[in-house]
Amino acid sequence: MRGTEILIRRALFAKSSHHYSIFTYPFSFFCSNFHGVSHKDRSFSPKPRIDLSCINELDDAFYLFRQMVRMQPQPSVFEFTKLLQVIFKMKQYSVALKLFDEMRQWGAPIDEYTMTILINCCCLLKRVDVGFAVFGIFFKQGYNANVVTFTTLLKGLFLDGKVADAEKLFKQLLIFRLCEPNDFTIVTVINGLCKNGHVLAAHDLLLLLENTIYKPNVMAYSAVIDGLCKVGMVDNALELKSRMFDKGISPDVVTYSSMIQGLCDFGRWKEVKDLLDEMVNHKICLTVVTFTVLVDAFCKEGNIKEAEDVLEIMKRQNIHPDIVTYTALIDGYCLQGKMDKAKQVFDSLTGNGLKPCIMSYGTLINGYCKKGKVDEAWRLFLEVSSKGLEHTITTYNIMIHGLLSEGRINDGWKLFNDMETRKVHPNLSTYNILLECLCKTHQISEAFSFLRAMEDKGASPDIITYRILINGLCRDGKLEDAKHLLNEFPSKGLQPDCQAYTIVVGSLCHEGFVDEAKNLLVKMERSGCAPDSVTYNSIIQGLLKRKEVCKAMPFLEEMYKRGFSADAATSSMLINHLQIYSKDVVLLEMIKKVVPKI
C-alpha cells in the first residue's frame, strides 16, 4: 500500500503543470477511511443543491469548493462529483486530482463515479499505471468497477501506447465476464488499435466480433475504415463498406468522409464522385468535414479553382466553412506560391466570424518561408503571442527551418534556445533540421556532437537523421565514414532505404569509384531495396561531371530498361555533352530514349 501511495504522489507531482495542481497536503485518501455512499443515497439525499453555472474559471471552482466543504449539512457526493466533472471538462486534470485530495482532507464523500473521474484524469495525463493503482485501492475498499471504469482504463492504455496490455485486458473482460462491454468499449478498443498503427488487428477483431453477441456498430466500422484509408488500404476500406450494407448497417457521413479522404489521397476522383452520388442517394448530407476533405484534396492537387468552387457550393447550401476549411485553402495558395492570395484569405477570417488558429498561422508562416520571405514569416511568428495563441513545436520547426534555409544561422539557433526556455520541447524533426544545418555548413564534427547530445536528451535518431549525416560526410569527401555509417544501420535497428544507398552510390560515382558503386548497387538490390529513378540520375550525373560518358552509358541503358527517365539536370548535362560529341550516334540514340519529349 505504501509503495502505491509513493508512486501516485510522485506521478501527480511530476505531472503538475498549473499552479493550482501543486499539492500542499498529503494525498491522504489512500490511508484514510472511505466515506462512500450508495446509489440510493445519491437519489434521495436531502443535502443542498449547488449551482455550478457560476464557474467560469478555476478560481471560481476552488471558491465554490471551499464553500461546499464548510456547508452544514455537507453537499451530497453527487454535487462534489459534478464539481470534479466541471474541472475535468476544462481539461485541468492535475487540478482535479489536487481537488480530490482536498476532498479527502475534509472528509467529503466519494463513490465509484468519483473513482472513474480520477482514473480518467490519470489516463489523460498518460499515467495509466497510476490509474490502475487508484483502481486497485478503490477495489480493495469494496467499490465495484463498471463498464465505464474498464473502458476508461482501456483508453488510458492505448493513449500510453501499451497496446498489448490493452488487448490483454479486453480479453480478460470477455473471458472472465468482469463487465459487459458496450458499444463505447468496443469502439475504444478498435479505435485504439487503429490509432496505434495496428489497423489489421482492428480489422480482424471487428470481423471476430461480428460473430458474437457484441455486434460492432457504425462507429466501430467507421474507425476501421478510417484506419485502412490512412495506411493506404483504400480498396479494403471499400470492401468493408460493402460488408456493412450486407450486415444491415448503414454507413454515415463519418464513414463516407474517411473513404473520400482515402480516395482523394490517391487521386481516384471518379470513385470520389461515385461516393458523393451514393451519399446523395442515401440522403446523407455532406457536412463541413466532408467539404473540407474535398477542398484540401483539390488544393494539394494544385486545383485551386475546384477548391474555390467547393467553397461556393458550401455557402449556397448554407454550410459555413470553418477554420480548417480556410486553412486548407490558405495552404493551397501557399503551395502554388500565391502568397498574396493566401494572405488575403487569412485576413478574411475575422470577417467570416472566425479567429485564426495556430494551425492557420503555421500554414501561412510555412508558405512565406518556402518563398524565401523570412521577414514576413517572422512578423507573423511574433504576432502569434499577441493574439493569445501559443506556439507549438510545429510552428517553431517551420520558423527555425526558414531562418536556417536563408542563411540566418545565428537567428535559427537563437530561436531553438528560446523554444527550450519557453518549455516547448524539441522533437526529432527539430533535431534533424539543426543537424542538416550543421552538415550543410560543413560542421561534421559538431553534427556528431549534436547527435550525442540529442540522444542524451532521450531522442532516438531515425533513418532521416542518419541520411542527413551520411549526406554531410559525402559532401565533405569522407566516403569511408559514410560507408561505415551505412553499414552500421542494422546495429541501430534500421534498414537502409533507397535514399541512403543513393547518396553513397552517387558520391562514389562522383569520386570515380564506379566499380565500388556497382557493387553497392548489387548489395542494395539483394537487401530488397531496388534502385529508383533518383538513384540512376544521381549515378549518371556523378559520371557526367567527370566527363566519363562511356562509363555512364551502361547506367543510362539500365535506367531505360527499368522505365525511368532522365530528370531535368541529367537531361541538360546529356545535351551539353552531345554538343561536344556531336558525331556520337550512340549517345544521340540514348538521349532519345531517356530524355522526356517536351
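Trp378 and Phe381 sit three residues apart in helix α21 (residues 374-386), so about one helical turn separates them. Helices here are DSSP runs of H or I with at least four residues, numbered from the N terminus. The model is predicted: local features need pLDDT of at least 70, side-chain atom pairs count only at pLDDT 80 or more, and totals for chains, interfaces and linings use all residues. Residues are numbered from 1 along each chain as its sequence is written, and side-chain values use heavy atoms, leaving out hydrogens and water.

Trp378 is partly exposed, at 28% relative accessible area, while Phe381 is buried at 4%. Buried means under 20%, exposed over 50%, and partly exposed in between, using a 1.4 Å probe and protein chains only.

How many aromatic pairs does the structure hold? There are 15. Rings of Phe, Tyr and Trp (its six-membered ring) pair if their centres lie within 6.5 Å; planes under 30 degrees apart are stacked, over 60 edge-to-face, and the rest tilted. Phe346 and Tyr361 have ring centres 5.0 Å apart and planes at 75°, so they are edge-to-face. Phe346 belongs to helix α19 (residues 339-347) and Tyr361 to helix α20 (residues 358-370), so this pair ties together parts 15 residues apart in sequence. Both Phe346 and Tyr361 are buried. For Trp378 and Phe381, the centres are 5.4 Å apart and the planes at 10°, so that pair is stacked.

## Around Ile470

Ile470 touches Ala482, Leu485, Leu486, Phe489, Ile503 and Val504, not counting residues up to four places away in sequence. Contact means heavy atoms within 4.5 Å.

Technical notes
Helix = DSSP H or I, 4+ residues; strand = E, 2+ residues; numbered from the N terminus.
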